[in-house]
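Welcome, and please open your viewer. We will go from stop to stop, selecting one piece at a time and saying what is there.

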Amino acid sequence: MSQSPLSFRNVSMTFPDGTKALSDVSLDVAKGEFVTIVGPSGCGKSTLLKIASGLLEASSGEISVDRDRIGYVFQDATLLPWRTVRRNVELLAELHGYDKEERVKLAEDAIDLVGLRGFENHYPRSLSGGMRMRASLARTLTLKPPVFLFDEPFGAVDEITRERLNEETLRLFEQERFAGLFITHSISEAVYLSTKVHVMSARPGRLVASFDVPFDYPRHPDLRFDARFAEICGQVSLALRGAHS
Amino acid sequence: MSVDDQIHDPADVESVQAGAMPLAVQSRGASVQSRGASVAGSVLPPLAVGVIILGVWYFISLVVLDPKRRFLLQPPHEVWSVGFADWDNLSTMLEGMWSSTKVAFWGLLIAILLGFLLAIVMSQAKVVERAIFPYAVVLQAIPILAIVPLIGFWFGYGFASRVLVCVIIALFPIVVNTLFGLLSADQGMHDLFTLHKANRLTRLRRLMFPAALPAVFAGLRISAGLSVIGAIVGDFFFGQGEVGIGQLLKRYANRLEGEQLFASVILSSALGVSVFLFFGWLSGRLIGKWAGESRGR
(Lines give C-alpha, C1' and ligand atoms only; values in the text may rest on other atoms or scores of the structure.)
Protein backbone atom coordinates (compact mmCIF):
# COMPACT_ATOMS: atom_id res chain seq x y z
CA MET A 1 0.00 0.00 0.00
CA SER A 2 2.93 2.32 0.52
CA GLN A 3 3.19 2.40 -3.27
CA SER A 4 -0.04 4.41 -3.59
CA PRO A 5 0.44 7.85 -5.10
CA LEU A 6 -1.91 9.13 -2.41
CA SER A 7 -2.31 7.73 1.05
CA PHE A 8 -3.83 9.08 4.26
CA ARG A 9 -3.25 7.39 7.62
CA ASN A 10 -5.32 8.50 10.60
CA VAL A 11 -5.43 12.06 9.46
CA SER A 12 -7.21 14.56 11.70
CA MET A 13 -7.59 18.26 11.28
CA THR A 14 -8.52 20.83 13.86
CA PHE A 15 -8.42 24.47 12.84
CA PRO A 16 -6.81 27.06 15.12
CA ASP A 17 -10.28 28.29 16.07
CA GLY A 18 -11.08 24.84 17.44
CA THR A 19 -13.27 23.64 14.58
CA LYS A 20 -12.75 19.93 14.12
CA ALA A 21 -12.89 19.36 10.37
CA LEU A 22 -11.57 15.84 9.97
CA SER A 23 -11.28 12.97 12.35
CA ASP A 24 -9.12 9.92 11.81
CA VAL A 25 -9.37 9.60 8.05
CA SER A 26 -7.48 6.80 6.34
CA LEU A 27 -7.65 6.17 2.63
CA ASP A 28 -5.55 5.16 -0.33
CA VAL A 29 -5.79 5.97 -3.96
CA ALA A 30 -3.79 3.70 -6.23
CA LYS A 31 -2.71 4.49 -9.74
CA GLY A 32 -5.62 3.84 -12.10
CA GLU A 33 -8.08 4.18 -9.24
CA PHE A 34 -10.80 6.81 -9.15
CA VAL A 35 -11.94 7.39 -5.59
CA THR A 36 -14.83 9.66 -4.72
CA ILE A 37 -15.83 11.11 -1.40
CA VAL A 38 -19.46 12.07 -0.95
CA GLY A 39 -20.70 13.85 2.09
CA PRO A 40 -23.00 16.60 3.33
CA SER A 41 -21.84 20.13 2.67
CA GLY A 42 -19.45 21.49 5.24
CA CYS A 43 -18.28 18.04 6.30
CA GLY A 44 -14.63 18.75 5.59
CA LYS A 45 -14.36 17.23 2.12
CA SER A 46 -12.57 20.23 0.70
CA THR A 47 -10.31 20.37 3.73
CA LEU A 48 -9.27 16.83 2.89
CA LEU A 49 -8.18 17.89 -0.58
CA LYS A 50 -6.38 20.94 0.71
CA ILE A 51 -4.43 18.69 3.03
CA ALA A 52 -3.73 16.21 0.23
CA SER A 53 -2.39 19.00 -1.97
CA GLY A 54 -0.32 20.56 0.77
CA LEU A 55 -2.27 23.82 0.87
CA LEU A 56 -3.14 22.96 4.47
CA GLU A 57 -1.20 21.00 7.02
CA ALA A 58 -3.03 18.31 8.96
CA SER A 59 -3.00 18.48 12.75
CA SER A 60 -2.09 14.82 12.99
CA GLY A 61 -1.70 11.68 10.94
CA GLU A 62 0.49 10.61 8.08
CA ILE A 63 0.08 11.73 4.52
CA SER A 64 2.03 10.60 1.55
CA VAL A 65 1.26 12.21 -1.77
CA ASP A 66 3.21 12.57 -4.95
CA ARG A 67 3.01 16.35 -5.04
CA ASP A 68 5.30 16.98 -7.93
CA ARG A 69 3.02 18.14 -10.75
CA ILE A 70 -0.09 17.63 -8.64
CA GLY A 71 -3.38 18.11 -10.45
CA TYR A 72 -5.98 20.14 -8.58
CA VAL A 73 -9.27 21.10 -10.17
CA PHE A 74 -10.93 23.77 -8.08
CA GLN A 75 -14.61 24.33 -7.38
CA ASP A 76 -14.38 27.39 -9.59
CA ALA A 77 -12.54 27.41 -12.86
CA THR A 78 -10.01 29.99 -11.49
CA LEU A 79 -8.97 31.04 -14.96
CA LEU A 80 -6.92 34.20 -15.20
CA PRO A 81 -9.31 36.65 -16.88
CA TRP A 82 -6.52 38.49 -18.68
CA ARG A 83 -5.30 35.39 -20.47
CA THR A 84 -6.90 33.69 -23.43
CA VAL A 85 -7.88 30.05 -23.10
CA ARG A 86 -4.62 29.01 -24.71
CA ARG A 87 -2.50 31.12 -22.39
CA ASN A 88 -4.50 29.94 -19.39
CA VAL A 89 -3.90 26.34 -20.35
CA GLU A 90 -0.19 27.08 -20.71
CA LEU A 91 0.04 28.60 -17.24
CA LEU A 92 1.07 25.58 -15.18
CA ALA A 93 3.71 24.43 -17.64
CA GLU A 94 4.95 28.01 -17.50
CA LEU A 95 5.15 27.95 -13.70
CA HIS A 96 7.05 24.67 -13.90
CA GLY A 97 9.57 26.20 -16.26
CA TYR A 98 8.84 24.20 -19.41
CA ASP A 99 10.20 25.86 -22.51
CA LYS A 100 7.90 27.60 -24.93
CA GLU A 101 7.82 24.89 -27.56
CA GLU A 102 6.92 22.16 -25.11
CA ARG A 103 4.38 24.39 -23.39
CA VAL A 104 2.58 25.15 -26.62
CA LYS A 105 2.46 21.50 -27.58
CA LEU A 106 1.14 20.39 -24.20
CA ALA A 107 -1.50 23.11 -24.30
CA GLU A 108 -2.57 22.19 -27.83
CA ASP A 109 -2.98 18.55 -26.87
CA ALA A 110 -4.93 19.39 -23.73
CA ILE A 111 -7.21 21.78 -25.62
CA ASP A 112 -7.99 19.03 -28.11
CA LEU A 113 -8.57 16.55 -25.33
CA VAL A 114 -11.26 18.64 -23.62
CA GLY A 115 -12.82 19.75 -26.89
CA LEU A 116 -12.02 23.44 -26.73
CA ARG A 117 -10.54 23.60 -30.21
CA GLY A 118 -11.73 26.82 -31.82
CA PHE A 119 -11.92 28.67 -28.52
CA GLU A 120 -8.19 29.00 -27.86
CA ASN A 121 -8.18 32.73 -28.37
CA HIS A 122 -11.28 33.49 -26.35
CA TYR A 123 -11.05 35.24 -23.03
CA PRO A 124 -12.71 33.48 -20.07
CA ARG A 125 -15.45 36.06 -19.77
CA SER A 126 -16.83 35.04 -23.16
CA LEU A 127 -17.04 31.36 -22.22
CA SER A 128 -19.93 29.51 -20.61
CA GLY A 129 -19.49 27.97 -17.17
CA GLY A 130 -19.03 24.51 -18.66
CA MET A 131 -16.40 25.70 -21.10
CA ARG A 132 -14.51 27.48 -18.37
CA MET A 133 -14.47 24.27 -16.40
CA ARG A 134 -13.13 22.48 -19.47
CA ALA A 135 -10.37 25.04 -19.82
CA SER A 136 -9.57 24.49 -16.16
CA LEU A 137 -9.38 20.73 -16.75
CA ALA A 138 -7.16 21.26 -19.77
CA ARG A 139 -4.85 23.46 -17.72
CA THR A 140 -4.46 20.69 -15.15
CA LEU A 141 -3.96 18.05 -17.86
CA THR A 142 -0.91 19.75 -19.35
CA LEU A 143 1.20 18.56 -16.44
CA LYS A 144 0.05 14.94 -16.91
CA PRO A 145 -0.39 14.74 -13.15
CA PRO A 146 -0.04 11.34 -11.52
CA VAL A 147 -2.47 12.50 -8.82
CA PHE A 148 -5.63 14.33 -9.81
CA LEU A 149 -7.69 16.06 -7.12
CA PHE A 150 -11.16 17.33 -7.97
CA ASP A 151 -12.89 19.66 -5.54
CA GLU A 152 -16.58 19.53 -6.52
CA PRO A 153 -15.65 20.85 -9.94
CA PHE A 154 -19.06 20.52 -11.57
CA GLY A 155 -21.21 21.76 -8.72
CA ALA A 156 -21.95 25.08 -10.35
CA VAL A 157 -22.94 24.00 -13.85
CA ASP A 158 -26.35 22.87 -15.05
CA GLU A 159 -27.33 19.20 -15.05
CA ILE A 160 -26.86 18.61 -18.78
CA THR A 161 -23.45 20.24 -18.83
CA ARG A 162 -22.56 18.32 -15.72
CA GLU A 163 -23.35 14.98 -17.34
CA ARG A 164 -21.33 15.90 -20.37
CA LEU A 165 -18.40 16.96 -18.19
CA ASN A 166 -18.72 13.65 -16.36
CA GLU A 167 -18.35 11.83 -19.68
CA GLU A 168 -15.29 13.86 -20.46
CA THR A 169 -13.75 13.30 -17.06
CA LEU A 170 -14.28 9.58 -17.55
CA ARG A 171 -12.65 9.70 -20.95
CA LEU A 172 -9.67 11.53 -19.50
CA PHE A 173 -9.40 8.99 -16.73
CA GLU A 174 -9.66 6.06 -19.13
CA GLN A 175 -6.95 7.58 -21.23
CA GLU A 176 -4.55 8.85 -18.57
CA ARG A 177 -5.23 6.40 -15.73
CA PHE A 178 -4.14 8.82 -13.02
CA ALA A 179 -4.91 8.33 -9.35
CA GLY A 180 -8.08 10.37 -8.95
CA LEU A 181 -9.63 11.72 -5.78
CA PHE A 182 -12.96 13.37 -6.47
CA ILE A 183 -15.18 15.32 -4.08
CA THR A 184 -18.86 15.72 -4.76
CA HIS A 185 -22.26 15.73 -3.13
CA SER A 186 -23.90 14.10 -6.12
CA ILE A 187 -24.30 10.38 -5.51
CA SER A 188 -24.89 9.42 -9.14
CA GLU A 189 -21.87 11.42 -10.24
CA ALA A 190 -19.81 9.64 -7.61
CA VAL A 191 -20.93 6.15 -8.60
CA TYR A 192 -20.75 6.87 -12.29
CA LEU A 193 -17.14 8.00 -12.21
CA SER A 194 -15.51 5.95 -9.51
CA THR A 195 -13.92 2.68 -8.74
CA LYS A 196 -14.60 3.35 -5.09
CA VAL A 197 -16.97 5.64 -3.18
CA HIS A 198 -16.35 6.76 0.40
CA VAL A 199 -19.11 8.31 2.45
CA MET A 200 -18.08 11.05 4.84
CA SER A 201 -20.05 12.04 7.94
CA ALA A 202 -20.98 15.53 8.96
CA ARG A 203 -18.35 17.55 10.80
CA PRO A 204 -15.96 16.38 12.00
CA GLY A 205 -15.62 14.41 8.78
CA ARG A 206 -15.04 10.69 9.18
CA LEU A 207 -15.25 8.01 6.53
CA VAL A 208 -18.26 5.98 7.62
CA ALA A 209 -18.77 3.65 4.67
CA SER A 210 -17.00 2.54 1.52
CA PHE A 211 -18.39 0.97 -1.62
CA ASP A 212 -16.54 -0.67 -4.46
CA VAL A 213 -18.06 0.11 -7.80
CA PRO A 214 -17.66 -3.01 -9.93
CA PHE A 215 -18.30 -1.62 -13.42
CA ASP A 216 -15.54 -1.82 -16.00
CA TYR A 217 -14.13 1.07 -17.94
CA PRO A 218 -14.84 2.42 -20.49
CA ARG A 219 -18.24 3.21 -19.05
CA HIS A 220 -21.21 4.12 -21.15
CA PRO A 221 -23.77 6.81 -20.22
CA ASP A 222 -26.48 4.13 -20.29
CA LEU A 223 -24.88 2.73 -17.17
CA ARG A 224 -26.88 5.33 -15.29
CA PHE A 225 -30.05 3.39 -16.12
CA ASP A 226 -28.65 0.03 -15.04
CA ALA A 227 -30.39 -1.67 -12.11
CA ARG A 228 -27.09 -2.44 -10.38
CA PHE A 229 -26.09 1.18 -10.73
CA ALA A 230 -29.31 2.22 -9.02
CA GLU A 231 -28.69 -0.31 -6.28
CA ILE A 232 -25.25 1.04 -5.44
CA CYS A 233 -26.60 4.60 -5.52
CA GLY A 234 -29.28 3.46 -3.09
CA GLN A 235 -26.74 1.99 -0.72
CA VAL A 236 -24.58 5.11 -0.83
CA SER A 237 -27.65 7.25 -0.26
CA LEU A 238 -28.62 5.18 2.76
CA ALA A 239 -25.14 5.43 4.25
CA LEU A 240 -25.16 9.15 3.59
CA ARG A 241 -28.44 9.56 5.41
CA GLY A 242 -26.98 7.65 8.34
CA ALA A 243 -23.97 9.95 8.26
CA HIS A 244 -26.20 12.98 8.48
CA SER A 245 -27.86 12.01 11.72
CA MET B 1 -20.68 30.27 -5.49
CA SER B 2 -21.41 29.91 -9.16
CA VAL B 3 -18.72 29.80 -11.77
CA ASP B 4 -20.09 33.01 -13.17
CA ASP B 5 -19.18 34.79 -9.97
CA GLN B 6 -15.63 34.16 -10.88
CA ILE B 7 -15.59 36.34 -13.92
CA HIS B 8 -13.36 39.13 -13.03
CA ASP B 9 -15.68 41.98 -13.62
CA PRO B 10 -13.94 45.31 -13.32
CA ALA B 11 -17.26 46.93 -12.67
CA ASP B 12 -16.86 45.43 -9.24
CA VAL B 13 -13.52 47.04 -8.77
CA GLU B 14 -14.30 50.15 -6.90
CA SER B 15 -11.86 52.90 -6.59
CA VAL B 16 -11.47 53.33 -2.94
CA GLN B 17 -10.20 56.82 -2.90
CA ALA B 18 -11.67 58.68 0.00
CA GLY B 19 -14.38 60.98 -1.14
CA ALA B 20 -14.02 60.27 -4.84
CA MET B 21 -16.67 58.44 -6.79
CA PRO B 22 -15.82 55.00 -8.09
CA LEU B 23 -14.77 55.57 -11.65
CA ALA B 24 -14.50 52.10 -13.07
CA VAL B 25 -18.01 52.32 -14.45
CA GLN B 26 -18.38 49.95 -17.31
CA SER B 27 -20.89 49.77 -20.07
CA ARG B 28 -22.42 46.37 -20.54
CA GLY B 29 -24.98 45.01 -22.87
CA ALA B 30 -25.03 48.19 -24.91
CA SER B 31 -24.75 46.23 -28.12
CA VAL B 32 -28.46 45.41 -28.03
CA GLN B 33 -29.34 48.90 -29.18
CA SER B 34 -28.66 49.92 -32.73
CA ARG B 35 -25.57 51.99 -33.07
CA GLY B 36 -27.37 55.09 -34.35
CA ALA B 37 -29.88 55.07 -31.54
CA SER B 38 -27.16 54.65 -28.92
CA VAL B 39 -25.11 57.53 -30.32
CA ALA B 40 -28.16 59.77 -30.32
CA GLY B 41 -28.97 58.54 -26.83
CA SER B 42 -25.53 59.33 -25.52
CA VAL B 43 -24.92 62.61 -27.33
CA LEU B 44 -28.28 64.36 -27.18
CA PRO B 45 -28.91 64.44 -23.42
CA PRO B 46 -25.60 66.10 -22.49
CA LEU B 47 -25.99 68.43 -25.48
CA ALA B 48 -29.39 69.49 -24.18
CA VAL B 49 -27.95 70.19 -20.74
CA GLY B 50 -25.17 72.20 -22.39
CA VAL B 51 -27.72 74.34 -24.18
CA ILE B 52 -29.60 74.91 -20.94
CA ILE B 53 -26.40 75.98 -19.19
CA LEU B 54 -25.59 78.43 -21.99
CA GLY B 55 -29.15 79.75 -21.75
CA VAL B 56 -28.87 80.32 -18.00
CA TRP B 57 -25.47 81.93 -18.54
CA TYR B 58 -26.92 84.38 -21.08
CA PHE B 59 -29.89 85.02 -18.87
CA ILE B 60 -27.77 85.92 -15.85
CA SER B 61 -25.32 87.92 -17.89
CA LEU B 62 -27.79 89.97 -19.93
CA VAL B 63 -30.92 90.07 -17.81
CA VAL B 64 -30.03 89.61 -14.14
CA LEU B 65 -26.82 91.60 -14.06
CA ASP B 66 -26.89 95.35 -14.31
CA PRO B 67 -24.71 96.43 -17.32
CA LYS B 68 -22.30 98.06 -14.86
CA ARG B 69 -21.77 94.77 -13.13
CA ARG B 70 -21.66 92.66 -16.28
CA PHE B 71 -17.89 92.16 -15.93
CA LEU B 72 -18.75 89.62 -13.22
CA LEU B 73 -20.13 87.28 -15.84
CA GLN B 74 -19.57 88.19 -19.45
CA PRO B 75 -21.91 86.51 -21.92
CA PRO B 76 -20.53 83.45 -23.74
CA HIS B 77 -19.88 85.19 -27.05
CA GLU B 78 -17.75 87.83 -25.31
CA VAL B 79 -15.74 85.08 -23.64
CA TRP B 80 -15.31 83.54 -27.05
CA SER B 81 -14.28 86.66 -28.91
CA VAL B 82 -11.92 88.02 -26.23
CA GLY B 83 -10.68 84.78 -24.68
CA PHE B 84 -10.44 82.44 -27.63
CA ALA B 85 -10.69 84.39 -30.88
CA ASP B 86 -8.07 86.96 -29.89
CA TRP B 87 -4.77 85.28 -30.68
CA ASP B 88 -2.73 87.48 -28.33
CA ASN B 89 -4.82 86.42 -25.37
CA LEU B 90 -5.17 82.84 -26.50
CA SER B 91 -1.45 82.33 -27.09
CA THR B 92 -0.66 83.64 -23.61
CA MET B 93 -3.12 81.20 -22.16
CA LEU B 94 -1.88 78.32 -24.27
CA GLU B 95 1.68 78.98 -23.12
CA GLY B 96 0.43 78.96 -19.55
CA MET B 97 -1.44 75.74 -20.21
CA TRP B 98 1.66 74.15 -21.68
CA SER B 99 3.71 75.10 -18.66
CA SER B 100 1.10 73.69 -16.29
CA THR B 101 0.71 70.57 -18.39
CA LYS B 102 4.42 69.88 -17.99
CA VAL B 103 4.11 70.31 -14.25
CA ALA B 104 1.09 67.99 -14.12
CA PHE B 105 2.88 65.43 -16.28
CA TRP B 106 5.98 65.26 -14.11
CA GLY B 107 3.92 65.29 -10.94
CA LEU B 108 1.76 62.46 -12.18
CA LEU B 109 4.73 60.46 -13.39
CA ILE B 110 6.47 60.71 -10.04
CA ALA B 111 3.23 59.93 -8.21
CA ILE B 112 2.73 56.85 -10.38
CA LEU B 113 6.24 55.52 -9.79
CA LEU B 114 6.15 56.26 -6.09
CA GLY B 115 2.59 55.01 -5.74
CA PHE B 116 3.31 51.70 -7.50
CA LEU B 117 6.39 51.20 -5.41
CA LEU B 118 4.54 51.83 -2.14
CA ALA B 119 1.59 49.66 -3.15
CA ILE B 120 3.83 46.78 -4.22
CA VAL B 121 5.79 46.94 -0.99
CA MET B 122 2.58 47.06 1.05
CA SER B 123 1.07 44.16 -0.89
CA GLN B 124 3.91 41.89 0.13
CA ALA B 125 3.28 41.85 3.85
CA LYS B 126 0.36 42.85 6.01
CA VAL B 127 2.72 44.35 8.57
CA VAL B 128 4.25 46.68 5.99
CA GLU B 129 0.79 47.71 4.88
CA ARG B 130 -0.18 48.48 8.47
CA ALA B 131 3.02 50.44 8.96
CA ILE B 132 2.76 52.63 5.90
CA PHE B 133 -0.94 53.03 5.24
CA PRO B 134 -1.71 55.51 8.04
CA TYR B 135 0.90 57.88 6.65
CA ALA B 136 -0.63 57.65 3.20
CA VAL B 137 -3.93 58.64 4.78
CA VAL B 138 -2.27 61.49 6.67
CA LEU B 139 -0.68 62.72 3.46
CA GLN B 140 -4.08 62.69 1.83
CA ALA B 141 -5.72 64.41 4.77
CA ILE B 142 -3.32 67.35 4.94
CA PRO B 143 -5.05 70.32 3.36
CA ILE B 144 -2.77 71.18 0.50
CA LEU B 145 -3.18 74.90 1.16
CA ALA B 146 -1.83 74.39 4.66
CA ILE B 147 1.47 73.02 3.51
CA VAL B 148 1.94 75.18 0.46
CA PRO B 149 3.85 77.81 2.46
CA LEU B 150 6.04 75.09 3.88
CA ILE B 151 6.76 73.66 0.46
CA GLY B 152 7.70 77.10 -0.83
CA PHE B 153 9.84 77.65 2.24
CA TRP B 154 11.73 74.40 1.69
CA PHE B 155 11.85 73.95 -2.04
CA GLY B 156 11.56 77.45 -3.42
CA TYR B 157 8.85 79.00 -5.50
CA GLY B 158 9.48 77.42 -8.86
CA PHE B 159 9.01 74.27 -10.89
CA ALA B 160 10.06 71.74 -8.24
CA SER B 161 7.55 72.98 -5.71
CA ARG B 162 4.73 72.95 -8.23
CA VAL B 163 5.55 69.37 -9.16
CA LEU B 164 5.65 68.45 -5.49
CA VAL B 165 2.13 69.78 -4.98
CA CYS B 166 0.97 67.53 -7.83
CA VAL B 167 2.68 64.52 -6.33
CA ILE B 168 1.12 65.08 -2.93
CA ILE B 169 -2.34 65.49 -4.42
CA ALA B 170 -2.13 62.63 -6.92
CA LEU B 171 -0.32 60.02 -4.86
CA PHE B 172 -3.05 58.68 -2.63
CA PRO B 173 -5.54 57.38 -5.21
CA ILE B 174 -2.72 55.59 -6.99
CA VAL B 175 -1.45 53.94 -3.82
CA VAL B 176 -4.89 52.91 -2.63
CA ASN B 177 -6.24 51.67 -5.95
CA THR B 178 -3.06 49.84 -6.84
CA LEU B 179 -2.89 48.18 -3.44
CA PHE B 180 -6.56 47.25 -3.62
CA GLY B 181 -5.99 45.86 -7.12
CA LEU B 182 -2.92 43.87 -6.14
CA LEU B 183 -4.87 42.25 -3.34
CA SER B 184 -7.90 41.56 -5.51
CA ALA B 185 -6.83 38.26 -7.09
CA ASP B 186 -9.00 35.61 -5.54
CA GLN B 187 -7.82 32.96 -3.14
CA GLY B 188 -8.33 30.13 -5.63
CA MET B 189 -5.83 31.69 -8.01
CA HIS B 190 -3.37 32.21 -5.20
CA ASP B 191 -3.82 28.57 -4.21
CA LEU B 192 -3.09 27.56 -7.79
CA PHE B 193 0.15 29.52 -7.74
CA THR B 194 1.03 28.09 -4.34
CA LEU B 195 0.42 24.52 -5.50
CA HIS B 196 2.79 24.99 -8.36
CA LYS B 197 5.45 26.58 -6.22
CA ALA B 198 5.44 30.00 -7.77
CA ASN B 199 7.87 32.36 -6.07
CA ARG B 200 7.04 35.86 -4.91
CA LEU B 201 8.14 37.55 -8.08
CA THR B 202 6.26 35.16 -10.35
CA ARG B 203 3.13 35.59 -8.26
CA LEU B 204 3.47 39.35 -8.47
CA ARG B 205 4.14 39.43 -12.19
CA ARG B 206 1.77 36.77 -13.42
CA LEU B 207 -1.06 37.11 -10.94
CA MET B 208 -1.20 40.17 -8.73
CA PHE B 209 -0.11 42.78 -11.21
CA PRO B 210 -2.44 41.86 -14.06
CA ALA B 211 -5.28 41.43 -11.57
CA ALA B 212 -4.57 44.94 -10.33
CA LEU B 213 -4.82 46.63 -13.72
CA PRO B 214 -8.53 47.55 -13.74
CA ALA B 215 -8.19 49.19 -10.33
CA VAL B 216 -4.88 50.78 -11.30
CA PHE B 217 -6.52 52.46 -14.26
CA ALA B 218 -9.42 53.64 -12.14
CA GLY B 219 -6.84 55.20 -9.81
CA LEU B 220 -4.89 56.72 -12.68
CA ARG B 221 -7.96 58.45 -14.02
CA ILE B 222 -8.62 60.06 -10.67
CA SER B 223 -5.00 60.97 -10.11
CA ALA B 224 -4.49 62.40 -13.57
CA GLY B 225 -7.32 64.85 -12.94
CA LEU B 226 -5.99 65.65 -9.48
CA SER B 227 -2.55 66.22 -10.90
CA VAL B 228 -3.92 68.88 -13.23
CA ILE B 229 -5.57 70.54 -10.25
CA GLY B 230 -2.27 70.27 -8.37
CA ALA B 231 -0.42 71.93 -11.22
CA ILE B 232 -2.83 74.86 -11.21
CA VAL B 233 -2.85 75.22 -7.42
CA GLY B 234 0.94 74.95 -7.34
CA ASP B 235 1.27 77.52 -10.07
CA PHE B 236 -1.17 79.80 -8.29
CA PHE B 237 1.13 79.98 -5.29
CA PHE B 238 4.57 79.50 -6.77
CA GLY B 239 5.05 82.16 -9.40
CA GLN B 240 8.75 81.87 -10.10
CA GLY B 241 9.88 80.90 -13.56
CA GLU B 242 7.47 80.08 -16.33
CA VAL B 243 4.00 81.54 -16.05
CA GLY B 244 1.47 78.76 -15.76
CA ILE B 245 -2.27 78.85 -15.95
CA GLY B 246 -2.55 79.40 -12.19
CA GLN B 247 -0.61 82.64 -12.41
CA LEU B 248 -2.76 83.72 -15.33
CA LEU B 249 -5.95 82.99 -13.42
CA LYS B 250 -4.66 85.15 -10.59
CA ARG B 251 -3.65 87.92 -12.98
CA TYR B 252 -6.97 87.95 -14.83
CA ALA B 253 -8.92 87.92 -11.59
CA ASN B 254 -6.91 90.85 -10.23
CA ARG B 255 -7.44 92.83 -13.41
CA LEU B 256 -11.13 91.99 -13.54
CA GLU B 257 -10.60 90.49 -17.00
CA GLY B 258 -13.64 88.27 -16.86
CA GLU B 259 -13.47 87.04 -20.42
CA GLN B 260 -9.89 85.76 -20.13
CA LEU B 261 -10.59 84.41 -16.67
CA PHE B 262 -13.47 82.38 -18.02
CA ALA B 263 -11.51 81.23 -21.03
CA SER B 264 -8.68 80.07 -18.75
CA VAL B 265 -11.09 78.19 -16.54
CA ILE B 266 -12.53 76.48 -19.61
CA LEU B 267 -9.07 75.60 -20.91
CA SER B 268 -7.99 74.15 -17.56
CA SER B 269 -11.14 72.07 -17.38
CA ALA B 270 -10.48 70.88 -20.90
CA LEU B 271 -7.03 69.72 -19.83
CA GLY B 272 -8.50 67.85 -16.86
CA VAL B 273 -11.13 66.23 -19.04
CA SER B 274 -8.63 65.24 -21.71
CA VAL B 275 -6.25 63.48 -19.32
CA PHE B 276 -9.26 61.70 -17.85
CA LEU B 277 -10.40 60.62 -21.30
CA PHE B 278 -6.88 59.66 -22.25
CA PHE B 279 -6.56 57.21 -19.38
CA GLY B 280 -10.02 55.85 -20.12
CA TRP B 281 -8.94 55.26 -23.70
CA LEU B 282 -5.65 53.73 -22.64
CA SER B 283 -7.44 51.44 -20.23
CA GLY B 284 -9.81 50.33 -22.97
CA ARG B 285 -6.89 49.68 -25.28
CA LEU B 286 -4.83 47.71 -22.81
CA ILE B 287 -7.35 45.78 -20.75
CA GLY B 288 -10.65 46.30 -22.54
CA LYS B 289 -10.47 42.93 -24.22
CA TRP B 290 -10.73 41.01 -21.00
CA ALA B 291 -11.94 43.52 -18.48
CA GLY B 292 -14.80 45.19 -20.31
CA GLU B 293 -14.76 48.40 -22.23
CA SER B 294 -14.43 51.66 -20.43
CA ARG B 295 -16.95 54.24 -21.34
CA GLY B 296 -14.43 57.04 -21.20
CA ARG B 297 -16.38 59.48 -19.12
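Before the first selection, here is a term for burial: a residue is buried if 20 or more other C-beta atoms lie within 10 Å of its own, exposed if 12 or fewer, and partly exposed in between, with C-beta atoms placed from the backbone. What you have open is a predicted model, in which local features need pLDDT of at least 70 and side-chain atom pairs count only at pLDDT 80 or more, while totals for chains, interfaces and linings use all residues. Residues are numbered from 1 along each chain as its sequence is written, and chains are lettered from A and ligands numbered from 1 in the order in which they are written.

**Stop 1**

Select Asn10(A), in strand S1 (residues 6–14). Helices (H or I, at least four residues) and strands (E, at least two) are DSSP runs, numbered from the N terminus. Asn10(A) is not a glycine, yet its phi is positive, at about 50°.

Now go to Arg177(A), in the loop between helix H5 (159–176) and strand S7 (179–184). Here too a residue other than glycine has a positive phi, near 50°. Arg177(A) has 14 other C-beta atoms within 10 Å, so it counts as partly exposed.

**Stop 2: the whole of chain A**

Zoom out to chain A, which has 7 helices and 9 strands. Its C-alpha trace spans about 50 × 45 × 35 Å along the principal axes. Of its 245 residues, 49% count as buried. Two residues are in contact if their C-beta atoms, placed from the backbone, lie within 7 Å; among contacts in chain A between residues at least 6 apart in sequence, 73% join residues at least 24 apart.

**Stop 3: the sheet**

Colour the strands of chain A next. Which order do the strands of the open sheet follow? The 6 strands run S5-S6-S7-S3-S8-S9, with mixed pairing; two strands pair if DSSP finds at least two bridges between them. At the edges, pairing on one side only, are S5 (71–73) and S9 (207–212) of chain A.

Select S8 (residues 196–200) of chain A together with S9(A): the two run antiparallel and are joined by 5 bridges. One pair to click on is Val199(A) and its bridge partner in S9(A), Ala209(A).

From S9, follow the loop towards helix H7 (227–244) of chain A, where Pro218(A) is found. The peptide bond between Tyr217(A) and Pro218(A) is cis, with omega about -5°.

**Stop 4: where the chains meet**

Show both chains. The contact between them takes 21 residues from chain B and 22 residues from chain A. On the chain B side, H7 (187–195), H8 (200–237) and H10 (258–291) each supply at least two residues. H7(B) gives the largest share of that side, 6 residues. By class, the side of chain B that touches chain A has 11 nonpolar, 7 polar and 3 charged residues. Here Ala, Val, Leu, Ile, Met, Phe, Trp, Tyr, Cys and Pro count as nonpolar, Asp, Glu, Lys and Arg as charged, and the others, Gly among them, as polar.
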